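Please examine the sequence and the three-dimensional model shown here.

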Amino acid sequence: MATYLLAYHGGSMPESKAEQAKVQELWGAWMKQLGTGLVDGGNPTGQAKTVAKDGKVSDGGGVNPVSGYSVIKVDSFENALAAAKMCPILAGGGSIEICETVEVM
């Protein structure tokens, strides 16, 4: 089994309480589908700063900032892609970057 980082980019926040509840329900159902493959459901991200190689710090997360993340453990990249394709962030206009992590320690 390999571990994958799902880095979310973009997406919209629902405005009404009813829309927020519906989106939370979709996320809960998706996470339930992942079952034991869900290592860390993650969270949305807030304030971001970027540190350049020269040490300069700038506001924001660059051109395509991360808006949230999850960590899953599945047996193939194809299964990670399949899980990502069902993620509710896509319905909110966002995208997902899928990264296989490499254990080095």
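The paragraphs below describe how the parts of this model are arranged.

This is a predicted model, in which local features need pLDDT of at least 70 and side-chain atom pairs count only at pLDDT 80 or more, while totals for chains, interfaces and linings use all residues. Residues are numbered from 1 along each chain as its sequence is written, and side-chain values use heavy atoms, with hydrogens and water left out.

The description begins with the sheet. Helices (H or I, at least four residues) and strands (E, at least two) are DSSP runs, numbered from the N terminus, and two strands pair if DSSP finds at least two bridges between them. Four strands form an open sheet with antiparallel pairing, in the order β2-β5-β1-β6. Because β2 and β6 (95-100) stand at the edges with a single partner strand each, one side of each is left without a neighbour in the sheet. From one strand to the next, the twist averages 30 degrees; axes are lines fitted to C-alpha atoms, for helices over the stretch in contact, and angles run from 0 to 180 degrees between N-to-C directions.

Within the sheet, eight bridges link β1 (residues 2-9) to β5 (residues 66-74) in the antiparallel sense, and T3 has K73 of β5 as its bridge partner. Strand β2 (residues 38-40) is joined to β5 by two bridges, also antiparallel, with D40 opposite V71 of β5.

Two helices accompany these strands. Helix α2 (residues 77-85) lies across β1, β5 and β6 and runs at about 160 degrees to β6.

Next comes the interior. A nonpolar core is a set of buried (under 20% relative accessible area, 1.4 Å probe, protein chains only) Ala, Val, Leu, Ile, Met, Phe, Trp, Tyr and Cys residues joined through side-chain atoms within 4.5 Å. The largest such core has 16 residues, and L6, Y8, I72 and I96 have the most contacts inside it. At least two residues of this core come from each of β1, α1, β5, α2 and β6, and β1 supplies the largest share, four residues.

Finally, the largest pocket holds about 610 Å³ of space. A pocket is an open set of points on a 1 Å grid where a 1.4 Å probe fits, with protein on both sides within 12 Å along at least five of seven lines; lining residues have an atom within 4 Å of a point. The lining has 24 residues, with M13, V23, W27, P44 and I89 nearest the centre. Helix α1 gives the most to this lining, seven residues.

Note on methods. Contact = heavy atoms within 4.5 Å. Buried < 20%, exposed > 50% of the residue type's maximum accessible area, 1.4 Å probe, protein only. Points joined across faces, edges and corners; volume = space filled by probe spheres on them.
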